[in-house]
Number of protein chains: 2
Amino acid sequence: MFKQFSINGGVTAPEGFFADGVSAGLKKDEQLDLAFIYSDKVANVGAIFTSNRFQAAPLKHFQREDIKETNFLLINSKNANAMTGEKGIEDIETIFSSLSQKLPIKNPIMSSTGVIGVHLPTDKIIAGAEKFDLNSKNGEMASKAIMTTDAYPKEIAVKVELPDGRTYSVGGMAKGAGMINPSMATMLAFITTDLQIDSETIKSLLQETTRTTFNAISVDGDTSTNDSVFLLANGKKEFYDEISFKATLQMVMKYLALQIVKDGEGAKKMVSFHVTGAKSDSDAEKVAKTLGDSLLVKTALFGEDPNWGRIAMGVGASGVEVDETRLTISYEDVTVLKDGENLFDDEVEQRAYKVMSRPEFTVYCDLGIGDGSFKSYACDLGYEYVKINADYRT
Amino acid sequence: MFKQFSINGGVTAPEGFFADGVSAGLKKDEQLDLAFIYSDKVANVGAIFTSNRFQAAPLKHFQREDIKETNFLLINSKNANAMTGEKGIEDIETIFSSLSQKLPIKNPIMSSTGVIGVHLPTDKIIAGAEKFDLNSKNGEMASKAIMTTDAYPKEIAVKVELPDGRTYSVGGMAKGAGMINPSMATMLAFITTDLQIDSETIKSLLQETTRTTFNAISVDGDTSTNDSVFLLANGKKEFYDEISFKATLQMVMKYLALQIVKDGEGAKKMVSFHVTGAKSDSDAEKVAKTLGDSLLVKTALFGEDPNWGRIAMGVGASGVEVDETRLTISYEDVTVLKDGENLFDDEVEQRAYKVMSRPEFTVYCDLGIGDGSFKSYACDLGYEYVKINADYRT
């Protein structure tokens with residue numbers, strides 16, 4: 001069996017990858033707002049993007065150029081370059097055509113997050129990028145520069161050792177916070193590896209793994225124009241090991257997805273909705289996501305109120321086949337509804353309250369009619385969410 | 001042309017209808033919690049119910065009994081009698097079998113709203129109902145007794161005068177507040193008329209009119225187990241006038257629906273999303289409802305921030321056909337995006353801020369690619385919503 005070790009370095013952990021973050025003056029007070037990921041060997045790349053019909057300019061640029069290999073990603077926060085029309089794409093071209101005179105970049109890719117509908121300050125971004133030192137291994141600085149309302153940076157790196165002694169690494173960073181929902185949202189994630197993987201395989205790996213990771217989380221049910229997950233494989237290791245990489249990619253993406261939920265705008269809790277016994281996996285997925293999206297469920301989490309009626313409401317509202325006499329709901333090991341029968345008494349209620357007071361717990365929801373299962377992840381929703389989003393633009 | 005006059009009396013305005021509200025001890029401190037509507041002539045009745053797969057016991061009871069005419073509706077607040085299994089239905093039968101010994105009721109109907117998963121205190125309800133005076137014309141007391149987190153009662157009555165001098169009336173009351181979404185939610189509405197209308201016609205009238213009224217509003221996007229709209233026609237007037245009644249029913253239902261939005265939990269604003277230029281009416285409906293449901297749109301309304309990027313985000317997230325270069329967004333007469341071009345400058349922004357500060361306004365959203373249109377209605381979402389729903393059960 002292969003072994004996995006947690007290591008430092010984030011996206012720069014795999015061989016040949018470099019990254020850093022600088023202040024380009026997009027945010028106030030010299031906060032970090034511009035990052036790069038550079039590979040000294042051209043990497044194969046694949047990406048998956050938001051389901052929002054208005055895709056932001058960087059997403060259009062990537063798809064129009066049909067980029068399959070690259071050595072440079074430029075990421076800015078504060079401005080989403082979304083709803084900016086053709087000029088939005090031209091701005092990206094302007095930036096890269098200027099930078100290519102100073103930096104050895106090939107098929108550069110841009111990624112943006114922030115306010116919608118404002119054109120990029122290209123001069124500031126070019127001037128900022130000229131400060132880059134492509135030999136930097138400052139993954140953490142990069143992960144800080146891509147933050148918007150995130151409370152903390154999110155990065156991870158894993159070293160994998162195969163039974164025959166060969167090793168490789170996978171690194172990742174992400175930003176999240178708001179507009180997070182099961183169809184992806186203002187969420188950017190960048191994953192690097194020194195394995196040799198072709199871009200078609202990269203794409204199908206991302207699609208497969210996203211369903212149970214980035215697409216299984218919900219902060220507020222809104223879907224942004226900018227979501228992207230990128231995976232870069234620079235082949236420094238000149239081999240590919242499918243089994244260990246799939247497991248490691250799943251782990252890295254799940255870790256980053258859960259970090260996003262935990263750092264949901266104003267979130268104090270991270271709750272898993274583990275749905276079983278549905279007629280199909282897809283039914284279970286609908287239920288788990290309805291629960292994760294429901295405002296009434298999320299405010300009950302915030303209020304630490306074991307109000308299982310709202311869980312039942314969400315199950316019924318999901319529209320899948322249900323049987324009231326078979327529904328069982330538990331908060332961790334405290335079963336509050338068993339085959340449709342309310343088990344609440346003072347003691348059960350007290351135990352349920354205790355579970356609700358934890359920062360992390362699982363709500364189990366068994367529909368009792370089939371074998372379908374799915375697990376979604378959501379945060380609570382409280383005053384802070386409202387505060388952040390009532391004031392975001394200003 | 002027919003004439004419409006606003007009159008007093010709510011559901012008791014039409015001839016032969018009586019109503020009142022009492023305290024049965026379901027709520028604390030002798031608050032009103034039990035209401036009736038009685039007709040001294042048996043009325044034809046039709047209803048439409050929630051799309052939630054877990055329908056509450058009263059909804060099941062109505063459908064199981066296949067009630068097409070009645071003279072008595074009993075409505076309680078505080079307890080939804082939902083997720084209460086067969087016993088929930090038996091409790092209704094117990095209540096009515098006891099009441100039928102004292103009151104001249106025929107095919108009685110029950111309607112409930114409140115907490116899910118708790119059995120009805122049948123003794124309290126029977127004792128409370130025995131206090132009813134079926135000769136009361138206290139529509140306002142009834143409209144108060146059905147409230148849960150509603151801040152104020154919602155009722156309306158209209159007298160219609162036809163060109164030939166004949167007259168009839170339509171009365172209505174509703175409760176709303178939370179779990180309100182386009183698929184209906186903990187929303188109860190009761191409409192009475194002294195026209196002669198058969199129950200099949202009643203049902204199709206309700207279905208037709210609900211789409212643009214109760215199903216066009218959103219408070220929080222959640223769908224309750226108990227939503228119901230009832231229409232009772234007791235035929236005291238021995239005629240039916242389709243044209244004037246359709247118009248009046250539309251007006252009454254729209255009025256009650258908007259009252260529910262205005263009284264959304266913690267709501268300070270009532271905003272209409274008027275979507276035009278979509279490929280079809282159904283596309284426009286999807287966009288208008290996505291906007292009304294979006295947490296980011298609702299918190300921007302609360303923050304009075306003319307952040308049109310979130311409107312664009314919602315349009316794109318709705319999944320319908322769009323063209324970025326044709327989208328136009330206006331706050332009342334202040335156009336902020338014209339054919340995909342951002343018109344924001346200091347002056348436009350100031351004018352947009354001014355619109356946002358109003359308690360009621362319309363956001364116009366033209367997709368520019370077809371003739372489809374739809375109008376939805378939503379409230380803002382602020383701290384009060386969180387407060388009410390974090391603490392609701394306790």
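**A hairpin and its surroundings**

Tutor: In this predicted model, strands β6(A) and β7(A) form a hairpin with 5 residues between the strands, and within that hairpin Gly165(A) takes a positive phi near 95°.

Strand β6(A), residues 154–161, has 6 of its 8 residues buried, so it is largely enclosed by the rest of the structure.

Now let us step back to the whole of chain A, whose domain assignment gives domain 1 as 3–261 and domain 2 as 270–390. The centres of domain 1 and domain 2 of chain A, taken over C-alpha atoms, are separated by 33 Å.

A helix of chain A is worth a look next. In α1(A), residues 57–65, the buried residues are Ala57(A), Pro58(A), Leu59(A), Lys60(A), His61(A) and Phe62(A). The elements that cover these buried residues of α1(A) include β3, α2, β5 and β10 of chain A. After α1(A) comes Asp66(A), whose phi is positive, near 50°.

Chain A also has an open sheet of 7 strands, in the order β9-β16-β11-β15-β12-β13-β14, with mixed pairing. Strands β9(A) and β14(A) stand at its edges with a single partner strand each, so one side of each is left without a neighbour in the sheet. Within this sheet, β11(A), residues 270–278, and β15(A), residues 360–366, run parallel and are joined by 7 bridges. One pair to find there is Val275(A) and its bridge partner in β15(A), Cys365(A).

Helix α6(A), residues 242–262, touches β9, β11 and β16 of chain A, and its direction makes about 45° with that of β16(A). Helix α7(A), residues 281–293, touches β9, β11, β15 and β16 of chain A, and its direction makes about 15° with that of β16(A).

The loop between β12(A) and β13(A) holds Glu332(A), and the phi of Glu332(A) is near 50°, a positive value in a residue other than glycine. Most residues other than glycine have a negative phi. Glu332(A) is partly exposed, with 15 other C-beta atoms within 10 Å.

Lys78(B) lies in the loop between β4 and α2 of chain B, and Lys78(B) has a positive phi of about 85° although it is not a glycine. With 21 C-beta neighbours inside 10 Å, Lys78(B) counts as buried, because a residue is buried if 20 or more other C-beta atoms lie within 10 Å of its own.

Finally, consider the largest nonpolar core, which has 243 residues, and in which Ala312(A) and Ala312(B) touch the most other members. Leaving out residues up to four places away in sequence, Ala312(A) touches Leu327(A) and Ile329(A) as well as Phe54(B), Met83(B), Ile116(B) and Gly117(B).

Definitions and conventions:
Residues are numbered from 1 along each chain as its sequence is written. Chains are lettered from A and ligands numbered from 1 in the order in which they are written. This is a predicted model: local features need pLDDT of at least 70, side-chain atom pairs count only at pLDDT 80 or more; totals for chains, interfaces and linings use all residues. Domain bounds come from an automatic or database domain assignment. A residue is buried if 20 or more other C-beta atoms lie within 10 Å of its own, exposed if 12 or fewer, and partly exposed in between; C-beta atoms are placed from the backbone. Helices (H or I, at least four residues) and strands (E, at least two) are DSSP runs, numbered from the N terminus. Two residues are in contact if their C-beta atoms, placed from the backbone, lie within 7 Å. Two strands pair if DSSP finds at least two bridges between them. Axes are lines fitted to C-alpha atoms, for helices over the stretch in contact, and angles run from 0 to 180 degrees between N-to-C directions. A nonpolar core is a set of buried Ala, Val, Leu, Ile, Met, Phe, Trp, Tyr and Cys residues joined through C-beta atoms within 7 Å.
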